[in-house]
Amino acid sequence: MACPDNKEPTTSCEAGKIVDDEEDNGVTLEEILEEEAQLEEDANAVLGGSDDANCTYHLGYVNRQALYACVTCRQQSGDLAQLAGVCLACSYHCHDGHELIELYTKRNFCCDCGNSKFPSNKCTLATEKSELNENNSYNHNFLGKYCTCQKPYPDPDDTNPDEMVQCIMCEDWHHNKHLGSSPPPDQDYSEMICGQCMEKYPFLNAYVLPVESDQLSLACKLEAKTIEKEQLNLKKATFWPEGWRNRLCRCEKCLALYADKKIQYLTDDQDTVEHYEQKGKMACVNRPSNNERLMEALSSLDRIQQVEAITEYQSFAAELKDYLKTFADNKRVVREEDITEFFGRLKERKRRRLDGESTGMPHFCR
């Protein structure tokens with residue numbers, strides 16, 4: 001194919017057009033890579049630095065970790081009410097191809113994979129386990145149900161999808177529309193406590209408003225606060241700013257209260273989801289990002305090769321996104337074999353394309 005009049009038949013004319021088009025559309029490679037880097041960071045945050053190769057059972061009750069519930073194994077056991085959770089590594093290695101429910105993160109949980117709740121599926125990563133993890137806590141999330149409405153997420157019958165937020169006390173996920181109160185207009189809050197938990201732990205109402213400066217020196221901050229009657233049993237969610245846990249009283253009496261209610265985690269800085277997500281981000285901080293690796297590779301190419309590489313990268317990213325979407329739609333975990341198969345297809349398609357190219361002419365002047 002010839003280039004436009006008065007132009008040499010080289011790839012530069014076509015490449016220039018592509019660059020101009022990209023500039024007109026207002027999308028640059030840096031912007032694409034920034035979006036990819038953000039997605040990568042978000043994925044690392046969700047996993048919280050969880051180990052994808054080793055079962056966490058030997059660590060005991062982990063403060064926080066990524067967890068999954070296996071629908072396939074529960075159905076095979078015949079006890080649909082049997083609740084159990086497995087760690088990230090076991091979701092890959094022991095429940096490959098199973099239908100899994102992503103639970104995000106739960107506190108103080110020990111991996112159940114292979115114990116008595118899985119009679120037909122033993123753990124391949126940690127073969128010696130106790131029959132039960134008696135200190136684990138379970139809720140209806142392990143059945144794929146959420147909120148006070150007991151609906152799945154996403155809900156196929158919901159014509160008006162709503163965002164969900166996790167309560168830091170019961171760790172259930174709630175629709176915004178079912179919280180009984182609205183988040184701050186600017187969404188400036190760090191944690192949420194649902195209405196049911198506010199009713200269960202009424203002393204928290206004393207901390208809805210900051211402790212006055214003249215009460216900071218008192219032996220017990222809680223005794224210094226007056227909880228108005230109308231504050232109690234409101235059954236409405238409350239939204240808490242960053243660092244609010246530091247305001248909780250730590251006198252001997254209050255610490256005993258937390259222990260009695262089994263909510264000592266409120267005074268543990270490492271219990272927060274913010275800490276969990278930051279741990280996930282920091283786990284990859286010393287690793288070169290995809291952004292850095294790609295930019296380093298592009299810097300060694302000339303302008304025409306850069307344009308071709310960028311176009312191929314965009315095509316690859318779109319195809320990979322569509323491929324992974326099929327797993328999300330079918331609630332399947334992406335296995336190493338699936339990624340190998342995907343790249344195998346790409347490699348074979350590239351080989352066929354190269355075999356069919358006999359002119360030696362660069363791609364963008366065909």
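Contact here means heavy atoms within 4.5 Å of each other. Keep that in mind, everyone, while we look at Cys 55. Leaving aside its neighbours within four places in sequence, Cys 55 is in contact with Cys 87, Ala 89, Cys 90, Cys 111, Cys 123, Leu 125, Ala 126 and Lys 129.

Before going on, a word on what this is. This is a predicted model, where local features need pLDDT of at least 70, side-chain atom pairs count only at pLDDT 80 or more, and totals for chains, interfaces and linings use all residues. Residues are numbered from 1 along each chain as its sequence is written, and side-chain values use heavy atoms, with hydrogens and water left out.

How confident is the predictor? pLDDT is its confidence in each residue, from 0 to 100. The protein chain averages 79, and 72% of the residues score at least 70. Over residues 1-26, pLDDT stays under 50, and residues 358-366 also stay under 50. Where pLDDT is low, the predicted coordinates should not be read in detail.

Back to Cys 55. It belongs to the largest nonpolar core, which has 34 residues. Such a core is a set of buried Ala, Val, Leu, Ile, Met, Phe, Trp, Tyr and Cys residues joined through side-chain atoms within 4.5 Å; buried means under 20% relative accessible area, exposed over 50%, and partly exposed in between, with a 1.4 Å probe and protein chains only. Which members touch the most others? They are Cys 55, Val 86, Cys 90, Cys 111, Cys 113 and Cys 123. Domain 1 (51-143) and domain 2 (164-285) both give residues to this core, so it lies between them; the domain bounds come from an automatic or database domain assignment. A second, separate core of 29 residues includes Ile 168, Tyr 201, Phe 203 and Cys 249.

Cys 147 has a positive phi, near 65°, although it is not glycine. You'll find Cys 147 in the loop between strand 3 and strand 4; helices (H or I, at least four residues) and strands (E, at least two) are DSSP runs, numbered from the N terminus. Lys 262 has a positive phi too, near 60°, and sits in the loop between helix 7 (252-260) and helix 8 (273-282). Are these residues buried or exposed? Cys 147 is buried, at 1% relative accessible area, whereas Lys 262 is exposed, at 64%.

One last stop: a cis peptide bond joins Tyr 153 and Pro 154, with omega about -5°. Pro 154 is in the loop between strand 3 and strand 4 (164-166).

Technical notes
pLDDT is the predictor's confidence in each residue, from 0 to 100.
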